[in-house]
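I opened my notebook to get my bearings in a new structure.

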Amino acid sequence: MLNLQSLTVGYRNTRGAVLSGIDLSAVPGDFICILGRNGSGKSTLMRTIAGLQAALGGMALLDGEDIASMRPATRARRIAVVLTERQFNPGLRVDDVIALARQPFTGWQGGLADDDRAAIADAVEVTGVEPFLRRFFSDLSDGERQRVMIARALAQTPHLMILDEITAFLDLPSRVEIMALLRDQARQEEQIVLLSSHDLDLSLQLADSVWLLDDAGGFSVGTPDQLSHSGALGGAFDSGAIRFSPERGRFEIAASGVGCRREA
Amino acid sequence: MSARVSTSVAVLIAAVAALALLTLTYGQIALPLADTLGALTGTQSTDLARQIVLDIRLPRVAAAIIAGGALGMAGVLMQALFRNPVADAWSLGLLAGGQLGVALTVTAAAFAGPAAVSFLTLFEGPSITLAAAAGVAVAALAMLALGRRVGAITLLVIGLMLGFTSQGLTSVLLHFAARAGGRIYGGWQDASFAGVAPEALPWLSLPILLGACAAVATAKSLSSLLLGETYARSLGVKVTALRHAVLAATVLLVAPVVAFCGPVSFVGLIAPHFARALAGTARILALLPLAALGGALLALTGDAIIHAPWEQHFLHLNAILAIVGAPVVILILIFSPAVRQWR
């Protein structure tokens, strides 16, 4: 159970608060997509919920405990993250990367026990990364790398999984596959999956619930149907060039012709 | 520990022991293996053999093993901390920083007067180790600050340049120190294991032992730092505390090497790659013993070559290490996927 209580996220510098006074809750099994344009605060919100960034106000509770004041080791057992950050990993192989997910559960040496191995084996199977387990992580394509990081997050057996724009590097079939996988994972393992995406169509089809961020710091929550009919989706994304069509449940190019003229 | 790692450890221990034994048998005077073993075990041997083996050759061989091991482990720590495959105490200028620390201390003592010099000489072991530690720590902090701003290869070039600068300064400082009456630590600007006196061995090994313990203690958290700072934090690692601990371990491992053996090049850079190839993993805890043994083997090999019974003693340790090491670094720069990503 995830509860956000008048959570305000942002930065302590001149940028200030990005989103204010968010009250929300999510239950295990929820597959939630966070949608919004670049700069609307998706990443800031996710980093704050993950406990990687301090909130400016309010708090985020996971199973009744304040995430920000959890011991780092406890938090690591309950929350897994996948980010788009490109990292430089000398000599790290794919199996090493996935095994690192078990660190919060292992002793000081980091040796794997049977249940650790089982969690890793499950994650490997579900994500289909078996063929490149022995390859160097830095040799993988962007898509393969993203898959491995998702396998790593699954192997962490978290209560809450936070994934920031992970589908950006994937082709369409892989995107569908990964999003469906995460949704099934949420249902079967009773996890809360929080995923930010630019993939509007796909998110609207798969999400149980959508958190929609507009450019002005506004925040709306609902099922995909509710949001499309209330006009909130249009409000967040419509520009001169595209417009949300509630009837068809998807975005359409507003300008006539292929050229997509810009309106004055 | 996986079977692959333990087998490699066993093979390396045997190789180090065999090479050490071989090195003890030769030099100006060749000793039969039986006499050498006899001297080592304290059974049937001549006084001369015992003197040569125990007082002259053994401290040198022990210093090569200990210093090589320390540099190998420090290399593993630094490559993980900087996430840079060409990082090591030598290439990033830590050794040169340590030398500069010693040179500054000696110069200060020389200008302060004979009392300060004799104080330094009296507590030679701890005083030069501390001076080196200060220099190593300053250099490490500077490189860590820089490492956040520049790429892996730029950092390597800057490290080498700062190393040259520090060594130049060291040379100039020691010259003035000698003229002001502080004629100590003369021929130490070149790397060598031969200058380590038997009574200096505890001062060499004690900090290194502590550093090795610290390295082992930080190994698990440091492995997760290979994924980057954010992922490490998401895995429950306190990154700032970890950085400090790894830095402290590196200083403990490297400072005594600089203080007693000088700027031993390439060992710490190559040993971790060797360890990763043998281990088939980048887990720090698996790499530490392999890199220590690999570093010891490499240092010992260099020492064995320069002390082979040549007609004259003319080879320098760093010359041999460069002949072996530089081509390996070039191969790493060309073929390492991690480096390719940053070009």
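**Entry 1: a single residue.** I am working with a predicted model. I then looked up where Leu33(B) sits: it belongs to helix H2 of chain B, which covers residues 33–41. I also checked Leu33(B) against Leu22(B), 11 residues apart along the chain. Their C-alpha atoms are separated by 7.8 Å.

**Entry 2: two helices of chain B.** Next I turned to helix H6 (residues 124–147) and helix H10 (residues 239–261) of chain B. At what angle do they pack? I found about 130 degrees, with the axes 8 Å apart. That makes H6(B) oblique to H10(B). I noted the hand of the crossing too: it is right-handed.

I then listed who makes the contact. From H6(B) come Ile128(B), Thr129(B), Ala132(B), Ala133(B), Val136(B), Ala137(B) and Ala140(B). From H10(B) I wrote down several, including Leu247(B), Thr250(B), Val251(B), Val254(B) and Pro256(B). Sorted by class, this contact of H6(B) with H10(B) has 13 nonpolar and 2 polar residues, and no charged ones.

**Entry 3: chain A as a whole.** I moved to the other chain. How many helices and strands does chain A have? I read off 9 helices and 12 strands. Of the 264 residues of chain A, 43% count as buried. I also looked at sequence separation. Among contacts in chain A with a separation of 6 or more, 62% come from residues 24 or more positions apart.

**Entry 4: where the chains meet.** Last, I looked at the contact of chain A with chain B. Chain A puts in 28 residues and chain B 26 residues. Which elements of chain A each supply at least two residues to its side? I found helix H2 (72–78), strand S6 (79–82) and helix H3 (94–99). H2(A) gives the most, with 4 residues. By class, the side of chain A that touches chain B holds 16 nonpolar, 7 polar and 5 charged residues.

Note on methods. Residues are numbered from 1 along each chain as its sequence is written. Chains are lettered from A and ligands numbered from 1 in the order in which they are written. This is a predicted model: local features need pLDDT of at least 70, side-chain atom pairs count only at pLDDT 80 or more; totals for chains, interfaces and linings use all residues. A residue is buried if 20 or more other C-beta atoms lie within 10 Å of its own, exposed if 12 or fewer, and partly exposed in between; C-beta atoms are placed from the backbone. Two residues are in contact if their C-beta atoms, placed from the backbone, lie within 7 Å. Axes are lines fitted to C-alpha atoms, for helices over the stretch in contact, and angles run from 0 to 180 degrees between N-to-C directions. Angles under 35 degrees count as roughly parallel, over 145 as roughly antiparallel, 65 to 115 as roughly perpendicular and the rest as oblique. A crossing is left-handed if the near helix is turned anticlockwise from the far one by less than a right angle, and right-handed if clockwise. Ala, Val, Leu, Ile, Met, Phe, Trp, Tyr, Cys and Pro count as nonpolar, Asp, Glu, Lys and Arg as charged, and the others, Gly among them, as polar.
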